[in-house]
Amino acid sequence: MTAPALRSPRELLWQPGNWTYWVYLAAVVVAFFWMLSAFQPLRVLAPAAAITAVGVNIALGVVIGLIIVWLSVIHRPPSTLAVAAVVWGGVVAVAIAFYVNDNLLGALPSILGNGTATNWGAAIAGPSNEEWLKAVGVLAVIGIGIRSVSRPIHGLFLGAWCGLGFQVVEDISYAMNGALTNPTSDAAGLAQILGVRGIIGLLPSHWVFAACSGYGIGYALLRRDRPLAVRVLFALAMFAIAWSMHFLWNSPLITGQLNPLIGMLIKVVLILAAFFVVYRLAMRAEWRWYRRVLDTDPALAGVAPAGTAGAGTDAQAALGTLVTAAEIRSLRTRRRRHRARRAVRRTVRREARGSASRRVAKSRGRQASRLTRRLQRAQGWLAITAATAPDQLPALRTRITSVRIDLARLGVAPSASGTDRRRRHRLADRQRDRQDVNRPRGQRGTDRQRAADASDTGIPAPGTPDTGIPAPGIAEPGTDEGGRTEQPPRPGSDRP
C-alpha cells in the first residue's frame with residue numbers, strides 16, 4: 001500500500017531546490033563510471049564467472065530485501081528512498097571503500113608490523129572505512145527525503161538498504177577475484193567465495209551493520225524532543241555497535257581458536273543476537289509512539305477504546321471506527337496480524353456454510369482475509385499520517401470505512417477484545433445470581449443453563465448475556481407474561 005503521508009516518487013526523484021539531491025547525484029555518477037573501469041578487466045578475463053557472480057549475488061540480495069520488508073511491521077520509508085540507499089551503498093560507498101582500503105592496508109604493516117597487519121588488517125581497515133561511508137549514505141538519503149522520513153525506525157531500514165547494496169556489489173567483486181586467483185579453476189574459486197560470503201555470511205553482513213548505525217542517525221536527526229547531547233551520544237553508541245560487529249566478523253577472534261566453520265557460526269549467532277536486541281528496542285519505541293499518538297491526537301476521532309465497537313453499539317458508528325483496542329493489539333507483530341486474519345477467515349467460512357456451498361464458503365473466507373489485510377495496512381499508517389500529514393487523514397479514514405463496509409457485507413464487524421467479552425459475560429452471570437436469590441431453590445440456575453445450551457447450539461436463548469432481555473411470550477420464573485414480578489396476595493384479597 002502506498003503511504004498516504006509520504007510524497008510521491010516523482011517528487012522524491014526530482015528535487016532541484018535541494019542541495020543534498022545534487023550532491024547525491026554527482027557522487028553516484030562519478031562513482032558509477034569509476035566502477036565500470038574497475039570491473040572491466042575482471043569481466044573480460046572471466047566472463048562466465050562474472051555473469052554467475054552477478055546473478056547469484058543479486059538473487060541473494062533479493063532474499064535479504066524480502067527479510068528487510070518483512071521486518072518493517074508498522075510502516076517503512078518509501079520505496080524510492082530505499083532504492084536511493086541501495087544505489088549509494090552499491091556504487092558510491094563501494095567505489096570509495098576500494099580506494100581507501102587499499103591505501104590503508106598498504107600503510108598498516110609499517111604501523112603495526114607485518115604479522116599483526118596480516119592477521120588484523122581486514123578487521124581494522126574494513127569497519128573503519130566502510131561503516132562511515134554507509135553512514136554518510138544514510139545521511140544523504142534522509143536529506144533527500146526529509147519530508148517523508150519522520151521516525152528513527154526509518155533510519156534503521158534505510159541503513160539496512162544501504163548496507164544491502166554494499167554487500168551485493170562487494171560480494172560480486174570478491175567472487176570474481178576468487179575465480180581469477182584460484183589455481184585450480186575459475187569455477188572452484190567462485191564456488192568457494194560464494195559458499196563463504198553468500199551462504200554463511202549472508203545474514204551477519206553489511207545490511208545488519210548499517211541498520212544499527214542508521215538507527216542511531218535517524219534517532220539523532222529525528223528525535224528533536226530529546227536533548228542534543230543525548231541524541232549524539234546515542235548515534236555514537238549505535239555506530240560503535242556496528243563497528244564492533246564488523247570488527248568481530250573480519251577478525252581472527254573465535255575462528256583462530258576453534259574450528260573455522262564452528263567459529264564462523266558462533267560469530268553469526270553473536271552478531272544476529274546483537275542486531276535482534278537493537279531491532280526489538282527500536283520496534284518497542286516505535287510501538288509506544290504509535291499507541292501514544294492514537295490515544296492523544298484529536299484528529300484520530302473514531303479510535304474506539306476497549307469493548308466499544310462491536311459490543312452493542314450502533315452499527316453505523318461501528319463502521320466509522322478507525323481502529324478498536326483489539327485491532328490495535330493485533331497490529332503489533334506479524335504473527336498477531338496473521339492470527340487475526342485466520343480467525344476472520346474461519347468465522348466467515350463457518351457462517352457461510354449454512355447458506356452456501358463449501359467452495360463459496362472458502363472463497364468468502366479468503367476474501368475476508370484479504371480485506372482484513374488491507375484494513376491492517378491502512379491502520380498501520382494512522383499514527384504517522386496524523387503526525388506528518390494530517391491533511392491526508394480524511395482519505396485514510398475513507399479507505400478504512402470502505403474496507404469495513406466490505407467486511408460487514410461478509411458478516412465481519414469491528415472486533416472487541418476477548419477480555420471485554422469475558423467481562424460482559426461475568427456481569428451477566430452476577431445479574432442472574434442476584435435474580436436467583438428470590439426464586440425457589442429448584443428453579444435457581446435455569447438462566448445460566450439455558451445460556452450454556454444456547455452457546456452450544458448457536459440458538460439465542462431467552463435472556464442472553466449481552467442483553468438480559470427475555471424473549472417475548474416466555475415468562476421468567478416468578479414473573480407474569482408481561483415480565484412484571486409477581487407479588488404475593490395481600491391478606492383478605494380475592495386472589496388465590
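**Helix pair α14 and α16**

I looked up how helix α14 (residues 358–380) packs on helix α16 (residues 393–409) in this predicted model. The angle is about 160 degrees, and the axes lie 10 Å apart. Axes are lines fitted to C-alpha atoms, for helices over the stretch in contact, with angles from 0 to 180 degrees between N-to-C directions. That makes α14 roughly antiparallel to α16 (over 145 degrees counts as such). I noted a left-handed crossing of α14 past α16; the near helix is turned anticlockwise from the far one by less than a right angle.

I then listed the contact (heavy atoms within 4.5 Å). From α14 come A368, L371, T372, R374, L375, A378 and Q379. From α16 come L396, R399, I400, V403, R404, D406 and L407. I sorted these residues into eight nonpolar, two polar and four charged. Nonpolar here means Ala, Val, Leu, Ile, Met, Phe, Trp, Tyr, Cys and Pro; charged means Asp, Glu, Lys and Arg; the others, Gly among them, are polar.

Helices are DSSP runs (H or I, at least four residues), numbered from the N terminus.

**Ground rules**

Residues are numbered from 1 along each chain as its sequence is written. Local features need pLDDT of at least 70, side-chain atom pairs count only at pLDDT 80 or more, totals for chains, interfaces and linings use all residues, and side-chain values use heavy atoms, with hydrogens and water left out.

**Cavities**

I searched the whole structure and got three cavities of 30 Å³ or more. A cavity is a set of points on a 1 Å grid, over the protein atoms alone, where a 1.4 Å probe fits but cannot get out; lining residues have an atom within 4 Å of a point. Points are joined across faces, edges and corners, and volume is the space filled by probe spheres set on them.

The largest cavity holds about 50 Å³. Its lining is N57, L60, G61, I64, L164, Q167, V168, D171, R197, G198 and L202. α3 (47–71), α6 (152–181) and α7 (186–200) each supply at least two of the lining residues. I count five nonpolar, four polar and two charged.

The second largest cavity has about 40 Å³. R151, P152, I153, Y215, Y219, R223, A282, A285 and E286 line it. α6, α8 (206–222) and α10 (260–296) give two or more residues each. α10 gives the most, with three. This lining has six nonpolar, no polar and three charged residues.

I checked I254. It has a positive phi of about 70 degrees although it is not a glycine. I254 sits in the loop between α9 (228–250) and α10.

Notes
1 Å grid on protein atoms, 1.4 Å probe; cavity = no way out; pocket = protein on both sides within 12 Å on 5 of 7 lines; lining within 4 Å. Parallel < 35°, antiparallel > 145°, perpendicular 65-115°, else oblique.
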